[in-house]
Amino acid sequence: MAEATVTPIAAPTTRRLRDYGVYAALGILVVYNLIFTGNFATLSNLTTQLVQVTPILIAALGMALVIGTEGVDLSVGSVMALSAALLPLYLGYGLMPAILVALLGGALCGVFSGTLVAVVGIQPIVATLALLVGGRGLALVLADGRLKDIRNPTLLELGSGSVAGIPVVVLIAAVLTLVVGFVVRYTTFGRQLVAVGGNRSASALAGLPVRRILIVTYVISGVLAAIAGIVATARLTASDPSAIGQLAELSAITAVVVGGTPLNGGRVRILGTVAGALLMQLISATLIKHNLPTSAGLVVQAVIIVVAVLLQRPRLAGAK
């Protein structure tokens, strides 16, 4: 009886809540802040919120691709810390070599996780959990467990500079969003990624290179997490492997799931992920501006995740 009453009537509404609820929630929160939060509608506040959300947004783009393959990448926070630790080690050779090494570190992390998932057959949550622990530990070893100040002016300009009034880090996040969105929507790889997430066995039978697609997806996630670590380091003007990327995986997963990408794969919503990241940032900012403990933000994130997962249940949401 319960199934008969829920499925045919509630599914369309539930699907709309799953797909578009994040935009409604973001709009409601903006209106609330416009009414009850002082100095919210200012250019400086808007700029601050956009700059602060960029590392999580960049990491979430890679997370969206991984979740689209019915996986998850718990290592993005540790990869951010690892890239932050690699930067000062190679800045003596120049900024570009240091950035390339940091990106290579992220790519290798992706190869490690992707191989464990695609070739060895380990569950994504277990494969990336190993890197979650080991990656942060390696970052602390490379940095001798210490915070290191960044003095390279070009890298510092990356974190504090702007073009036509728009912060450079925001422009980087915008470009990456457009690129990832284009890849998902208009390239063969994007369509294959979604197909693998929708039905891995059928994709293999159809001749798709499932293993290669999975590994490349985790590599992209690792590189994007490394970029997020570089951006965070430039903003902080210091490499702090113990702090950079802390709980970033939780925020990234939340942004992706709230944005409408189902945890059981087969679909990737990049614009929804952007809205989800902005929603998480705005919740944290609202709590701070109203003198509520920032730890309450974690509770709010947990509640949002539970609600989003419930909305994605096949019995409620219908076919994905």
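Let's start inside: 12 of the 15 residues of helix α3 are buried, so α3 is largely enclosed by the rest of the structure. Here "buried" means under 20% relative accessible area, "exposed" means over 50%, and "partly exposed" is in between (1.4 Å probe, protein chains only). Helices (H or I, at least four residues) and strands (E, at least two) are DSSP runs, numbered from the N terminus.

Before going on, a word about what you're looking at. This is a predicted model, where local features need pLDDT of at least 70, side-chain atom pairs count only at pLDDT 80 or more, and totals for chains, interfaces and linings use all residues. Residues are numbered from 1 along each chain as its sequence is written, and side-chain values use heavy atoms, with hydrogens and water left out.

Back to α3, which covers residues 76-90. Its buried residues include Val 76, Met 80, Leu 82 and Leu 86. How far apart are the end C-alpha atoms of α3? They sit 21 Å apart, which agrees with the 21 Å that 15 residues should span at 1.5 Å a residue. The expected span is 1.5 Å times one less than the number of residues.

Now pick out Leu 87, which has its place in α3. Is Leu 87 buried or exposed? It's buried, with a relative accessible area of 0%. Setting aside neighbours within four places in sequence, Leu 87 is in contact (heavy atoms within 4.5 Å) with Ala 98, Ile 99, Ala 102, Leu 155, Ile 230 and Thr 233. Gly 27, on the other hand, is 60 residues from Leu 87 along the chain, and their C-alpha atoms are separated by 38 Å.

Next, have a look at two loops. Asn 39 is in the one between α1 (2-36) and α2 (43-68). Asn 39 is exposed, at 64% relative accessible area, and it has a positive phi of about 55° although it isn't a glycine. Follow the chain on to the loop between α2 and α3, and you'll find Glu 70. Glu 70 is another residue other than glycine with a positive phi, near 70°. With 42% relative accessibility, Glu 70 counts as partly exposed.

Further along is strand β3, residues 166-167, where Pro 167 lies. At 14% relative accessibility, Pro 167 counts as buried. Which residues does Pro 167 touch, not counting those up to four places away in sequence? They are Thr 47, Val 51, Gly 161 and Ser 162. Gln 301 is 134 residues from Pro 167 in sequence, and the two are 27 Å apart in space, C-alpha to C-alpha.

Helix α7 takes up residues 168-186. Its 19 residues reach 27 Å from the first C-alpha to the last, close to the 27 Å expected at 1.5 Å a residue. Among the buried residues of α7 are Val 168, Ala 173, Leu 176 and Val 180.

Finally, zoom out to the whole chain. Its secondary structure comes to 14 helices and four strands. The radius of gyration (taken over C-alpha atoms) is 20 Å, close to the 20 Å that the globule rule (2.2 Å times the number of residues to the power 0.38) gives for 320 residues, so the chain is as compact as a globular protein of that length. Along its principal axes the C-alpha trace spans about 65 × 55 × 35 Å, and 49% of the 320 residues count as buried.
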